[in-house]
Amino acid sequence: MTTYLTLSRAARLAGVSRGELQRRIRRAELTTFEGEVAAHELLRLYPSLSLEHEGALEQVREIVDNARPRLEPEPVALPDARVLLEQARRLSAALAHEIEAGEAARGLIEQVAERIAALSASDPATLPTALAALGHWLAEARAALPVNEAPAERSAPARTLAARVRLIPSGHSFLVEGEESLLEAAVRAGIHLEHGCASGNCGGCKARLVSGETRQIRPHDYSIGARERRLGYLLTCAHTALTDLTLEIGEARSSAELPLQRIRVSVRRVETIGATLRALQIQTPRNQLLRFMAGQRARLARPGEPPSELPIASCPCDGRNLRFLIRAGDDALARALFDDRLEPGQRLDLEGPYGDFVLDESATDEALFIACGDGIAPVRSLIEQAVAIDAIPRYHLYWETAAPEGHHLAHWARALGDALDDFTYTLLDATPADRLAARILDEHPPHDHQRLYLAGPEVTVSTLEQALRAGGVSAERIRVEALRAD
């Protein structure tokens, strides 16, 4: 029975990044089924890895899944039967072509062997002439063989049943797995595609299909005109990929490019973390996701009350389910929350996103995430986005807190540390800013390939930033989020 591994799990076992495995997939060096890698294929490329401790591997997979914010498990969806049939037809045709080419090559080898055997018994005086004739015959025979396509030119199903989508003009790419829409797959991969309602009503996710084949998987109310249809325009929220694709579509490359959104949301869950700290989970309507970047803030309020501006403590890969950490205070939202006047299903007004404390996704440098107290909220969002895009070679979390709840996300940090070789963390009790800076500079001396993300109370992070800069960290390599005290 063939064992299949997710890309994340396969990358960890092989000691390489997911990006490296995806590059091997694109070069047809590694095949996948529904986005997962066959164990025997992985062993062929990386013979030194071991698959003996299957129980431990399952535990790693569970840790990685739990390290990302999900309010409910998401079942893995197989493609529609018509999608599978189309992929199987293409794969069958590609396989038949490969078999034909292989049989022809095998026959040619047998003929060459026979002719060489005949030459060994020929007159040495005629050998040069006979060799020249053999060479001429071999050139003609090779030219008559079926043309074997280069790996980059083979149809997508011959390489993988998870289609790869390349975006222009950005050059970003991502995989579409199962029956998910192009938009869902892009958001899951941490790519900020232009979109609005995500349900086919607004047309905000419209893209032009440059190459490849798609299939519409859900109806949409937005009408694409006849001329745009002829040019290849489609809605990414309503289509999936049948083959590898190239799409022309805009992306938000900075926080300033994201539109300000106003959404009526509902309370999903309230979690008591400690006497003065609670987690609020809210949910947007199905037809209206919040577009935001990791580390940004949103304003949240009960209807008719003044809003509270809070860091979003969850990953943009799920723009519908949002998490906030709320400390007891005098603002209206905190009073309602700690007076138990916020219940599941209650409506709230959300406005955002705000702020530019975001991940530099173009950088592939080492990243240091430094959270002071409740600064763990935006830092958690940044780290989960870093995991999603898989572009940072190494990242370390420092979390210093004097709060009575302590390191209430220690289990989350441990899960990431256990599952990812490139993530490490340090949990500290209350530590003065100058001592924290000294420790960071000692353990991670400043260099030109380093980014620091610092979040926490305004006075603390201001002092910490000054100490880090005095220790040699250049200003352009530090991003700071100063949390305002209410």
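Which side chains meet in a salt bridge with an N to O distance of 2.7 Å? The pair is Arg208 and Glu248. A salt bridge here is a side-chain nitrogen of Lys or Arg within 4 Å of a carboxyl oxygen of Asp or Glu. The two partners come from distant parts of the chain, 40 residues apart: Arg208 belongs to strand β6 (residues 206–211) and Glu248 to strand β10 (residues 245–248). Helices (H or I, at least four residues) and strands (E, at least two) are DSSP runs, numbered from the N terminus.

The model is a predicted one, in which local features need pLDDT of at least 70 and side-chain atom pairs count only at pLDDT 80 or more, while totals for chains, interfaces and linings use all residues. Residues are numbered from 1 along each chain as its sequence is written, and side-chain values use heavy atoms, with hydrogens and water left out.

The protein chain as a whole provides the setting. Its secondary structure comprises 14 helices and 21 strands. Of its 486 residues, 47% count as buried, where buried means under 20% relative accessible area, exposed means over 50%, and partly exposed lies in between (1.4 Å probe, protein chains only). The accessible surface comes to about 23700 Å², and carbon and sulfur atoms contribute 50% of this; such areas come from the Shrake-Rupley method with a 1.4 Å probe, and for residues only the protein chains shown count as cover. Among contacts with a separation of 6 or more, 72% are between residues 24 or more positions apart; a contact means heavy atoms within 4.5 Å.

The salt bridges may now be taken further. The structure holds 24 of them. In the pair already described, Arg208 is partly exposed at 26% relative accessible area, and Glu248 is likewise partly exposed at 36%. A second pair consists of Arg264 and Asp349, whose side chains meet at 2.4 Å, N to O. Because Arg264 lies in strand β11 (residues 261–274) and Asp349 in strand β16 (residues 347–354), this pair ties together parts that are 85 residues apart in sequence. Arg264 counts as partly exposed at 42% relative accessibility, as does Asp349 at 29%. Salt bridges that share partners also join Arg262, Arg297, Arg299, Glu309, Glu351 and Glu481 into one network.

A further salt bridge joins Glu184 and Arg218, at 3.8 Å from N to O. Here Glu184 is in helix α8 (residues 182–188), whereas Arg218 is in the loop between β7 (214–216) and α9 (226–231), 34 residues apart. Glu184 is partly exposed at 38% relative accessibility, and Arg218 is partly exposed at 29%.

An α-helix has 3.6 residues a turn, so residues three or four places apart point the same way. The buried residues of α6 are Leu134, Trp137 and Ala141. They cover an arc of only 70° around the axis and therefore lie on the same side of α6; the arc is that of the directions from the helix axis to the C-beta atoms. Pro128, Thr129, Ala132, His136, Arg142 and Ala143 are exposed on the other side of α6.

In helix α13 (residues 433–443), the buried residues are Ala433, Leu436, Ala437, Ile440 and Leu441. Their arc of only 130° around the axis puts them on the same side of α13. The cover over these buried residues includes β17 (366–372), β18 (395–400), β19 (423–428) and α14 (458–470). Asp434, Arg435 and Asp442 are exposed on the face of α13 turned away from its buried side.

Leaving aside neighbours within four places in sequence, Val176 is in contact with Ala162, Ala163, Val165, Leu182, Ala185, Thr240 and Ala241.

The cysteines complete the account. A disulfide is taken as a pair of cysteine sulfur atoms within 2.5 Å, and by this rule the count is zero. The sulfur of Cys237 is 3.6 Å from the closest cysteine sulfur, in Cys205, which is too far for a bond. Cys237 is buried at 3% relative accessibility, whereas Cys202 is partly exposed at 38%.
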